[in-house]
Amino acid sequence: MTVLPTALDPRGPEYAAHREAMLAKLAELDAEHAKALAGGGEKYVERHRKRGKLLARERIELLLDPDSPFLELSPLAAWGSDYPVGASIVTGIGVVEGVECLITANDPTVRGGASNPWTLRKALRANEIAYANRLPCISLVESGGADLPSQKEIFIPGGALFRDLTRLSAAGIPTIAVVFGNSTAGGAYVPGMSDHTVMIKERSKVFLGGPPLVRMATGEESDDESLGGAEMHARVSGLADHYAVDEADAIHRARRIVARLNHRKAHPDPAPAEPPKYDPDELLGIVPGDLKIPFDPREVIARIVDGSDFDEFKPLYGPSLTTGWASLHGYPVGILANAQGVLFSAESQKAAQFIQLANQRDIPLVFLHNTTGYMVGKEYEQGGIIKHGAMMINAVSNSKVPHLSVLMGASYGAGHYGMCGRAYDPRFLFAWPSAKSAVMGPQQLAGVLSIVARASAAAKGRPYDDEGDAALRAMVEQQIESESLPMFLSGRLYDDGVIDPRDTRTVLGLCLSAIHTAPVEGARGGFGVFRM
Ligand code: COA
């Protein structure tokens, strides 16, 4: 029997405490997501509606196939920054005419939809996802262009947005721009670089410079319509392929474009799969509020994979990392999950071997994080922990099968790297509200700083201020703690979103489906030199 058993007791006090802690974090998360949904706030939303316009998310909803899901990405972008949560753009994956597409929509209620540094990062991440997974890209445009006060952060790197569109096109990945309003200056290159463009009567404004700028530059008197209206672009300049009479018509035309793309997935959809044997609601009660307490990741695996069926690989060797094979919504996956937090030499070597096997078999990998990093100490250094950790990082870095990472609990130090952290290009990375990620734990970091400061004072022959040290430690601990939290990290685009643990199977299933639009092929060689 390979169906996982469970030792979770949903009636026990531990389960109740874990569930309560998780629900409290989810309530905080909901409050932050609500900020993104509110866009620029009531005043600007009201004004937008009075102009007879649809909101960004309403445009997306009309574009998608009825009752199909939308996997919104990075909804907390810009959290903790000077800019509104959500970064004035909505991005995500949805199904249009049966085709999974990457959709971006400017939110014109937030500072005229202008792009700030976080908007840019979020849009570039969306392009990256479209490229890696060969998803057609649909841009729903209405933007005041660059957020002018922050132009120094975005003007030069922002050129990558237009470069990406034409590289997608060159790779045979379709790009479609639907212009709902302003698309001026650099923004004009979104329709300019797209394969297909739709513009809307008396709404679209696509010009390199508006009437005031033209007057300043050449003295010419002009107006919006003759400079960049939909009718002009449809009849005269030829920039518009489709002339829509209103927003609904434009969205309909975008759907028809997708229907005719002849965009085929590299892998057919699998047959419907058996759900897990255990209730996914129980995912709320697994991770302890205190991450120092370990938990068995098999309890998580049992609630996300098809039929809770898991063939464990090397269960007796390196038991602090659980590895094994399963399927998720019908897609084969290899899973690496931290069991006891610390990664030792055996766990690292087991991971390296497992990753190679997945590459030989073209099987995507799922990394479930709860690690405090690689083991330190004389015994372990002498046992070669560096070279064994390096084997694992080498395998992760050069693996060519798609990787999906989920931060369930701790994700500290080089353990974050070995488990395919952000810098290791997982196709998607999500965090649970219980996750924490940093170079090390806040207490450890503050303690290390204090030891270094004490040694430095001693070396200079100066007395050490113990009272000041305690205050400094407390301050550093608090700072690192707040910078380790998922909302902070999501704000900086270090993940693709913070998700409700109960949605993990659905989110991973949507990602796996999108991933299989592109061919899934492992590396047959091409790893770096493995230090043995
Ligand atoms: N940078 C920074 N802030 C901007 C902005 C930009 N590019 N575009 C608009 N905003 C701000 C406005 O100052 C205004 O702020 P406030 O409400 O605090 O006063 C808010 O966003 C809404 O702008 P508003 O002009 O009232 O909205 P609108 O819907 O009537 O018009 C635009 C939107 C985009 C047509 C208009 O704001 C505009 O022309 N902006 C400049 C466009 C431009 O030339 N960009 C150059 C890009 S390189």
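A residue is near a molecule if one of its heavy atoms lies within 4 Å of it. This is a predicted model, where local features need pLDDT of at least 70, side-chain atom pairs count only at pLDDT 80 or more, and totals for chains, interfaces and linings use all residues. Residues are numbered from 1 along each chain as its sequence is written, and side-chain values use heavy atoms, with hydrogens and water left out.

**Exercise 1.** Describe the shell around the ligand.

Step 1. Count the shell: 14 residues surround the ligand. The closest are Y44, R47, R51, G144 and A146.

Step 2. Sort the shell. It divides into 6 nonpolar, 4 polar and 4 charged residues. Here Ala, Val, Leu, Ile, Met, Phe, Trp, Tyr, Cys and Pro count as nonpolar, Asp, Glu, Lys and Arg as charged, and the others, Gly among them, as polar.

**Exercise 2.** Find backbone N or O atoms that lie by ligand atoms.

Step 1. Take the ligand nitrogen atoms. A backbone N or O atom of A146 lies 2.8 Å from one. For L148, the distance from a backbone N or O atom to a ligand nitrogen is 3.0 Å.

Step 2. Take a ligand oxygen atom. A backbone N or O atom of G112 lies 3.4 Å from it.

**Exercise 3.** State what lines the largest cavity.

Step 1. Name the lining residues (an atom within 4 Å of a grid point of the cavity, on a 1 Å grid where a 1.4 Å probe fits but cannot get out). Among them are A36, R57, I89 and D107.

Step 2. Sort the lining: 6 nonpolar, 3 polar and 2 charged.

Terms used. Polar contact = N/O pair within 3.5 Å; in protein donor to acceptor, adjacent residues only side chain to side chain. 1 Å grid on protein atoms, 1.4 Å probe; cavity = no way out; pocket = protein on both sides within 12 Å on 5 of 7 lines; lining within 4 Å.
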